[in-house]
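Please consider the model shown below together with its sequence. The paragraphs that follow lead through selected features of it.

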Amino acid sequence: MFHPPVGAPAVERAEDMNSRDQIAEVCWCFQPTDCCRVGGRLNRSSSLILFWRVPLHCTAMSPSIPLQEMIRAIRSARTQCEERGVIQRECAAIRAQFRQADNGARSHNLAKLLYVHMLGYPAHFGQMECVRMIASPRYSEKRVGYLGAMMLLDEKQDASLLITNSIKNDLSHSNQYVQSLALCTLACMGSAEMCRDLAPEIDRLLRASNSYIKKKAALCAVHIVRKVHELGELFAPAARSLLTEKNHGVLHGAVVLITELCERNPEALERFRKTVPDLVQIMKGLVISGYSPEHDVAGISDPFLQVRILRLLRILGRHSETASDAMNDLLAQVATNTDSTKTVGNAVLYETVLTVLDIKSESGLRVLAVNILGRFLLNNDRNIRYIAMMSLQKIVGTDHNAVQRHRGTIVDCLKDHDASVKRRALELSLALVSASNIRSMMKELLLFLSSCPPELRAQTASGIFNAAERYAPSQRWHIDTILHVLTTAGGDVRDETVPNLIQLITNTSELHCYTVHKLYRALLTDISQQPLVQVACWCIGEYGDLLLKGECQETEPAQVTEDDVLDSLETVLQSHMSAPATRGFALTATMKLSTRITDNVDRIRSIVSIYGSCIDVELQQRAVEYNALFKKYDHMRAAVLERMPVIEKNSLGQTNGESAVEAIKAVQPATVKQGEPPLPLQPANQVCDLLDLLGGSEEPLQPSSVQSGTASGLPINNSSTAGGDLLDLLGGFEPTPAAPAPAVTVYEKDGVNLTLLCEKHSDSGLTVTLTASNSNDSDISSFTLQAAVPKSVQLHMKAPSGDFLPARGAAKVTQMVVLNNPNKVNLKMRVRISYTSQGSACQDTVQIDSFPGL
Amino acid sequence: MQKKSKTLLLLIHQLLCIYQFNYHLRKMRFLLLFSRQGKLRLQKWFTPISEREKKKIIRDMTNMVLARQPRSSNFLDWKDLKIIYKRYASLYFCLAIESQENELLALEVIHRYVELLDKYFGNVCELDIIFNFEKAYFILDEFLMGGEIQETSKQIVNRCIESSDMLQETMEEYMSKPAF
């Protein structure tokens, strides 16, 4: 018979010792009404019970000991290896037993196998045994067989098809518990095929008189609708009639089923709007009714059912005046009468608030809901604060001012020690930044950045950048803020930060002196933050003369000598912390300084020549080219190394002259990731000038004669093309394509719009920019794009700019796709769009056959 | 060439269709019970997931939840899901729900399951669940089904489990009677 493990096994592993120690502590005692208490505290208060209680039915179940014996044997293994040995022996025995004819112990063998499976060992050889046991006439075997099927089989395996017939038979079994097993298994692992076969059976069971079966059949129907959407129609009439039921289990199942049908099908939604009065009636019954011991949880009558009904009301009331009117009173009643001292009460209140905010509710009710959230926000319980911020996030777009009132509390939550709460607070804080509070909010956000967990840093940094760009009170403040972020979290910013900041600095010419001084000082203190070092190098290269002059009114006069500057650049070049790209920046900066200083040109010459034999090919090539500039083209050096012109935004495409277009067209994507800061835009005439300049030299260079240009040691720093290299020399440009074709809309459905912009940058390569926007009234989250192309085409998707599309086109998500089509096949692309809108996941595919501008 | 790419696209499309199976909406995705040492005690998956994926998720969950500091909130963001966990004595109950679900109610679901176990075993402890794991599954299957709550009343669940056990017992007795 079953031996209660009072005297635990003689030998125990460390882990088991541990869990035996806990037996004293482990015993739980529950007061059903108190659900907010933490388990740990409970144990200590009730640690007197040291005995094992074995329920009667357990002893009765096992005529043979094996399962418990095996578990004990496995647990007493001292090492992993020993455990493996025990399990291998057991598995061999189980396997052998499976092969034998029925010996009455089949269910124990399968149960043993399931335990082994839970420990992570392979148990697939039990699949057929499950199928056999399910077909057995004995309840005990069926029970374990179905359990095994749920654990070992999954819908993709053939074995699961074998049980369809057994399930079908059991669904019409005379015993409700056998029926229940079949229903439960179907709801857990029924494949689409199974669902189609068994749907009529389930519909029949929905009309049964037995409420135990009905509630299960309702949830089975939910599973079937999820698997095979078109079967929803079949269950609609039965679902409607289930609402008259008194049994809460059945009601709950019916509400879930109707919710599912409404979410899937707008017509069903329209039809089920008529049930709103019924639902309101049921809900009223729950709220008003006195204490009912069956369903009471901490003074709330059946919170599970209440939450479900509230959610269904939300779906039905959305976009419908009349339906919303019908539920206004009820919602007000629930919102005012629900006890908020316990978790369950708060769960119901939370759901009520969400419903009120989502339907077309009266303004008074809305105020009430927002106030409840405000109260949640002040709650001591972190869980409640968390959900408060979750919900405030949802309404920050519509009720901005109402949320703004709680700014102080939200900002305080940034300092909470819990990462989940911090994340919510951060998202909400970023949404609350506005022109009027930018200075104070930014102070908090920067403080948060310096102490926040690493996984939140990137999000914080990009949030700060966005906010700063939108609301910066002054240019200087803007630059200071970005520099602050770079000094504290330089490693976590996105790649485009560096070019963006350089563009910003270039355009604020009155602050050049201030910026270069500030950056120089930052460089002296820390050279580990790569983006900061890159920007600093770039600025020192560009504005080295201003740095040396030292007449900056805004900072204390710092006398900087030429040697100091060159020393710091050389430190960057030599530091092991510097990334290759950073070294590129430093070398170019050094080169640029050669026209901005007077005395130390020879030193620069020697630095540059040292790197002519650098192991890093990029750097070496650059150094060789700069060397050539010194030696052969010294007369051009000053002109070539001139200061970068002010970059005008969005001037591309209209100003580019023909020759520039020619030159740029040839640029390959390989040049993008050079050490040079890639700047997105540049005036065209500069490029033209340079081409002229080259044309005048003794070795005439056409954009097409790329190889000869490099070989002859022209001041060109990349082998691929002439145009791009010249641009690099100027201080760096991103190779930009020819005048881009206009963006075309490739997808427009349910308010989601996807446009496509093609930029061809070489014979076979092209960059496709997908831009998505959302014109709905509700936000879209988890927006992702996936692309598929014919096999011979290489596809590289860059990271998207985000996955959240706020309502009414407030922001867009862009994603770059780089395609390389070396075989010149007919280019096609299939894009899959998936997102979550109003709580339901949507997915669609669109095929793009023609690419504009190709 | 064009034909080839067409068939390829078809293939890709089919693959995407198969992939879609994993995108079914489930209010609850999975429930895991594991000890303070990270040993799995019970696993229930409400969506079809491959064994490999399951192992990875279990590893992720134990690592994440066990690393949480005391007195933190009971919620975690993980991929597109919310992880609601709660510790009872030496055992962690960890429930994954969709992000638009009610977190507080999920906490209540966990608590209800613990209450059911407690009622059944009488002052349940981790070892009860280890040695009678199939019972723990049977109780769960009476309470939750296909990722939804099946029965909102504790008493009814208890009664159903008792009757099922009774049915099993009587059948066992019947079977073990000598056959003369």
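In which strand is the place of Gln815(A)? In this predicted model, Gln815(A) belongs to strand β8 of chain A, which covers residues 813-820. The residue is buried, because its relative accessible area is 6% and the cut-off for burial is under 20%. Leaving aside residues up to four places away in sequence, Gln815(A) is in contact with Val768(A), Thr769(A) and Leu770(A), with Leu785(A), and with Met797(A), Lys798(A), Ala799(A) and Pro800(A).

A sheet of chain A comes next. Strands of a sheet pair through backbone hydrogen bonds, in either a parallel or an antiparallel manner. Here three strands of chain A make up an open sheet in the order β6-β9-β10, with antiparallel pairing. Its edges are formed by β6 (780-788) and β10 (840-848) of chain A, each of which pairs on one side only. On average, and with direction ignored, neighbouring strands of this sheet are turned by 15° against each other. Seven bridges join β6(A) to strand β9 of chain A (residues 829-837) in the antiparallel sense. Within β9(A), Val831(A) is the bridge partner of Ala787(A).

The cysteines remain to be considered. Counted over all chains, there are zero disulfides. Cys220(A) is in none, since the nearest cysteine sulfur, that of Cys195(A), lies 7.9 Å away, whereas a disulfide requires sulfur atoms within 2.5 Å. Cys220(A) is buried, with a relative accessible area of 0%. Cys160(B) is likewise in no disulfide, and the nearest cysteine sulfur, that of Cys184(A), is 12 Å away. Cys160(B) is also buried, at a relative accessible area of 7%.

Notes
Residues numbered from 1 in each chain as written. Chains lettered and ligands numbered in written order. Predicted model: local features only at pLDDT ≥ 70, side-chain atom pairs only at ≥ 80, totals over all residues. Heavy atoms only, no water. Pairing = 2+ DSSP bridges. Helix = DSSP H or I, 4+ residues; strand = E, 2+ residues; numbered from the N terminus. Axes fitted to C-alpha atoms, helices over the stretch in contact; angles between N-to-C directions. Buried < 20%, exposed > 50% of the residue type's maximum accessible area, 1.4 Å probe, protein only. Contact = heavy atoms within 4.5 Å.
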